[in-house]
Amino acid sequence: MLSPVPLMQVATGFWASKTLAVAHELDLFSRLSGSSGVTPADVAEDLEIDQRPAELLLTGCAALGLLEGNHGRYVNSALAEEYLVRGTPYYFGGFVQMLDQRLYEGWGRLVEAVRTNRPTTWDPERQGSLFDGEDPQLLAGFWEAMHSLSTFTARVLADVVDLSGSHKLLDLGGGSAAFDIELCKRYPDLTATVYELSPITEIATSKISRAGLSQRIETVVGDFFSDPALPSGHDVVLLSMIMHDWNEQHDRDILRKCWEGLRSGGKVIIAELLVDDDKTGPPAAALMSMNMLIETEGRNYTSAEYTGWLHDAGFRDIHTIRFEAPGANGAVIGSKP
């Protein structure tokens, strides 16, 4: 018999995300790090809350795989210890915080976005950039989390895309340089340029220095829309999680500039959460598209769409490589004859 259980799971999805967000906001995972186990009474005393909500929060986090319980005492799960404890190398809490404090409210106005086809998290007519006016601490945590996410995605990309014949990579909108760091570690003959807006290049420079790659990775301040041309002389251009932010015409403009800046024989790599060509999924890409509805003018596109745009820009030998990574599920690659 057909059951409403799947609908129940979808409809209550925010219960899980808010439980995670509140536990993070209360610093539960950092407080439990290295602990031999705490009881609800311990947590109630530590957080200065009643025992009932302390017990419910611990139980909820355990049910979500964030904590492990044993005879009434709780410790961090391996997942929480690795990614949700402040100060750890791959701390992901900033992303949780950004979703909760910035996007949750915007998603609450999703019907408005559907009806108006306009973002709900910011006003593009009043602000020059998506994150203009955002809390600097919130943004700093977000970029740390994105560096973690991008690092793991870059490692998978390095496994499936062969760059052994490439020497100069241009990372367009390269953020904190996570892809450049991982790809240069994998390919000793590769150098890279991170092309980004001014405030973000400062973050990238710090990450590059920490990785000991300042001699091989440089940062260039730029705007791929307002600048007439991209830095030239590269044989690879990487567009990682960039194209979904923009509408088709803007994406075509980006690809045209990539074509003009690439050496003959060079290639462009579009790494994204690709929507299936029949536009029925997968869930991660389809729901990211819904997030773009409240955040930007873009959406997540299909491999077929990217293939068509690359072909129109002059690229050839266009093919798609599928993989599974935290930030992407495939790469569409085109070569310049």
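Which residue stands opposite His-234 in S7? Leu-262 does.

1. Basis. This is a predicted model, where local features need pLDDT of at least 70, side-chain atom pairs count only at pLDDT 80 or more, and totals for chains, interfaces and linings use all residues. Residues are numbered from 1 along each chain as its sequence is written, and side-chain values use heavy atoms, leaving out hydrogens and water.

2. Strand S6. S6 covers residues 234–240. Strands (E, at least two residues) and helices (H or I, at least four) are DSSP runs, numbered from the N terminus. In S6, 7 of the 7 residues are buried, so the strand is largely enclosed by the rest of the structure. Buried means under 20% relative accessible area, exposed over 50%, partly exposed in between (1.4 Å probe, protein chains only).

3. Its partners. Two strands pair if DSSP finds at least two bridges between them. S3 (residues 168–172) runs parallel to S6, with 3 bridges. There, Leu-170 has Val-237 as its bridge partner. S7 (residues 262–272) also pairs with S6 in the parallel sense, over 6 bridges.

4. His-244. Look in the loop between S6 and H12. His-244 is buried, because its relative accessibility is 5%. Its side chain makes polar contacts with the side chains of Asp-245 (3.4 Å) and Glu-272 (2.8 Å). A polar contact is a pair of N or O atoms within 3.5 Å; within protein, one must be able to donate a hydrogen and the other to accept it, and residues adjacent in sequence count only if both atoms are side-chain atoms.

5. Met-8. Helix H1 (residues 5–11) holds Met-8. Met-8 is partly exposed, because its relative accessible area is 48%.
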